[in-house]
Amino acid sequence: MSAATLWDRAFGAVLLGVAGVYAVDAWNIHVPFQYEPLGPTAFPLLLAAVLATTGVLLVARPDPVHWFTRRDQAFRVAAGAVVMGVYAALFVPLGFMISTALMTFAMARLFGLPAIKAAIYGVVLAVVGYFGIAEALGLNVPFGDIFRS
Amino acid sequence: MDILAGLAEGFAVALTPLNLGLLIAGCFFGTLVGALPGIGPINGVAILLPLAYSLGLPAESALILLAGVYYGAEYGGRISSILLNVPGDASAVITTIDGYPMAKNGEAGRALALSALASFVGGTAALVMMTVFAPFLGRVAIGFGPADYVALMVFAFSCLATLVGARPLKTIIGVVIGLMLATIGIDSATGVMRFTMGIPNLFDGMEFLIVVIGLFAISEALLLLESWTPVASTIKAQRDNVRARVREIVGYRWTMARSAVIGFFVGVLPGTGASIASAVAYGVEKRMAQGDDAMFGKGDPRGLIAPETANNAAAAGAMVPMLTLGIPGSGTTAILLGALLLFNVTPGPLMFEQRPEVAWGLIASMYMGNIALLVLNLPLVGIFARLLSIDTAYLVPLVVMLTFVGVFSLYGATFDLVLMLILGFFGYLLRKLGFSLAPVILGLVLGALLESNLRRALSISAGDWSILFETPAAIVFWIAAAAVAASPLLMRARRRKAA
């Protein structure tokens, strides 16, 4: 068993677990009254059965998976995920403009843009984006809680 | 309704200033997302969908815009295939085989012009076929009962599993994941909650838009982060003598005719799409040219024209089952179907009667869209070529911002942003493990339909499962599903025999 196939095996095992939890959850659905023979549990149970079967097959016959060839790739993906997570957390409290400027700066830096250019782009995108989206298109974007108090 | 009367009504809808503007915007944006490597039609449609929804556009206008992005991308994909040897989207992979060598031989302008014309011919020919076949197919499908739909969907999944992705097993897992996501929320038949984990935001079910944007756009951003390398590319835009190219392409009329028919019918088949159509058309053209095929792979115009005709024809073909049966044939048409459902339009045999402004308006707009795309892609091709050199550093923050705005503007909930990111990380994981995401979306879109038809069928038969195999249509679909599923095994056996 090589390390490369371990990922598929692990994923197959997770699918098997999900199928189990899902099936138990489906089994416990309580229906007060029902006019049809199948009801809301039969289809999910069928899906759980298929998922469990395919999960077992994946564990038995996995494909090799290669994650990264270079270490900086892993860093950039992880950093990008963190940037987006922080963006989601700050979106409402700081408002669209500040959070977007920060996200844009960080994201552009990850793609190798020089700091000054990234900062300018962040501000431009935040301001143009806000007025384009909130004013011109009239969509609901947060102005920012911190400006309200 | 008479086809011509329907078309006339469609043009009346499509020619209103709003719809015309949206059509041109959609075609422009589509060419752009098609041309930019990494952002394909699925992402383009996914990013625009919540914006179109939040803007409160009428259903037909939103669909005209989104469909413009969808088939516009088939035009755009060839630009980076030819100029950079990097396919702009999945269906332009084959275009690199002969397109890039032509560009290397100093014929980039000729290749771009020929492929634009081929795209136009393929798209328009398929539209004519669509105009004729779609209402016909709709009339056939009007007699379908729930059991027929169950069998049809199984057939669609069977095609998908056999033809898409590296391994059927992984495609099936993807479909099941999508179907399971679809079961979350209130069960419409009984009103009970299912799999909501007590989270109020999930009581109405997984919001389709959030799943689509998370799975595709967010995971794509992560993939772009992964694959980024600090290399600057230089691209020369080239225009060409259009009139000479029009004369030249007439000489390839049979290549285009064959490829358009192949593309259309491959596109109509559920589960298959533009990528497979372009590969099949290329293979057929190469075989037809036997004895005269030395230039294939080295810059033969036929090797460029065939896939470009076919992938545009397939894009239109894939709309046919989506519109007439409510069963999408590909990932992007699955999103278009989801868009229709969001706008309370139920695609299916009755749509041509009940919502003719949507069905015929869309078809009419596609005729005009192909003309708009020809204009965008012949004289204005230089703009797109120049846009190709946009640094990803500018592109990705813009995409991320648009996804956040799109998802947030739905309900104004941070929970949705977090859900989108979780799904995005999950989508990235799936793609790294060799899964395609299109089956997941297809499962998600068809989940409710499959379950409700199954339950309805068994209600009719009072729980007797044999009702699924009783009507002629259902039997045909089951046999077809089994044949498709068995075909790889048969092929392998034949190859072993031959060896």
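Helix 8 of chain B contributes the most to the lining of the largest cavity in this predicted model, with four residues; helices (H or I, at least four residues) and strands (E, at least two) are DSSP runs, numbered from the N terminus. Because the model is predicted, local features need pLDDT of at least 70 and side-chain atom pairs count only at pLDDT 80 or more, while totals for chains, interfaces and linings use all residues. Residues are numbered from 1 along each chain as its sequence is written, chains are lettered from A in the order in which they are written, and side-chain values use heavy atoms, with hydrogens and water left out.

**Cavities**

Two cavities of 30 Å³ or more are present in the structure. A cavity is here a set of points, on a 1 Å grid over the protein atoms alone, where a 1.4 Å probe fits but cannot get out, and its lining residues have an atom within 4 Å of a point; grid points are joined across faces, edges and corners, and a volume is the space filled by probe spheres set on the points. Ten residues line the largest cavity, and B:Ile39, B:Ala217, B:Glu220, B:Leu224 and B:Val399 lie nearest its centre. Two or more lining residues come from each of helix 3 (41-54), helix 8 (208-227) and helix 17 (392-411) of chain B.

The second largest cavity is lined by residues that include B:Tyr71, B:Tyr75, B:Asn312 and B:Asn370. The elements of chain B that give two or more residues to this lining are helix 4 (59-84), helix 5 (95-141), helix 12 (301-325) and helix 15 (356-377), and helix 12 gives the most, with three residues. In the table, Ala, Val, Leu, Ile, Met, Phe, Trp, Tyr, Cys and Pro count as nonpolar, Asp, Glu, Lys and Arg as charged, and the others, Gly among them, as polar.

| Cavity | Volume | Lining by class |
|---|---|---|
| Largest cavity | about 70 Å³ | seven nonpolar, two polar and one charged residues |
| Second largest cavity | about 40 Å³ | six nonpolar, three polar and no charged residues |

**The contact between chains A and B**

Chain A brings 64 residues to the contact and chain B brings 62 residues, where contact means heavy atoms within 4.5 Å. The area buried between the two chains, which is the accessible area (1.4 Å probe) that two parts lose on being put together, summed over both, is about 5600 Å², and carbon and sulfur atoms give 80% of that area. A:Phe43, A:Met84 and A:Phe111 supply 15% of the area that chain A buries against chain B, more than any other three residues.

**Salt bridges**

Four salt bridges are counted between chain A and chain B, a salt bridge being a side-chain nitrogen of Lys or Arg within 4 Å of a carboxyl oxygen of Asp or Glu. In a salt bridge of 3.1 Å, N to O, the side chain of B:Lys170 meets that of A:Asp63. Over all chains the structure holds 19 salt bridges. Within chain B, B:Arg194 forms a salt bridge with B:Glu451, with the closest N and O atoms 2.8 Å apart. Since B:Arg194 lies in strand 2 (residues 193-194) and B:Glu451 in helix 19 (residues 438-460) of chain B, the pair ties together parts that are 257 residues apart in sequence.

Technical notes. On a 1 Å grid over the protein atoms alone, a cavity is a set of points where a 1.4 Å probe fits but cannot get out, and a pocket is an open set with protein on both sides within 12 Å along at least five of seven lines; lining residues have an atom within 4 Å of a point.
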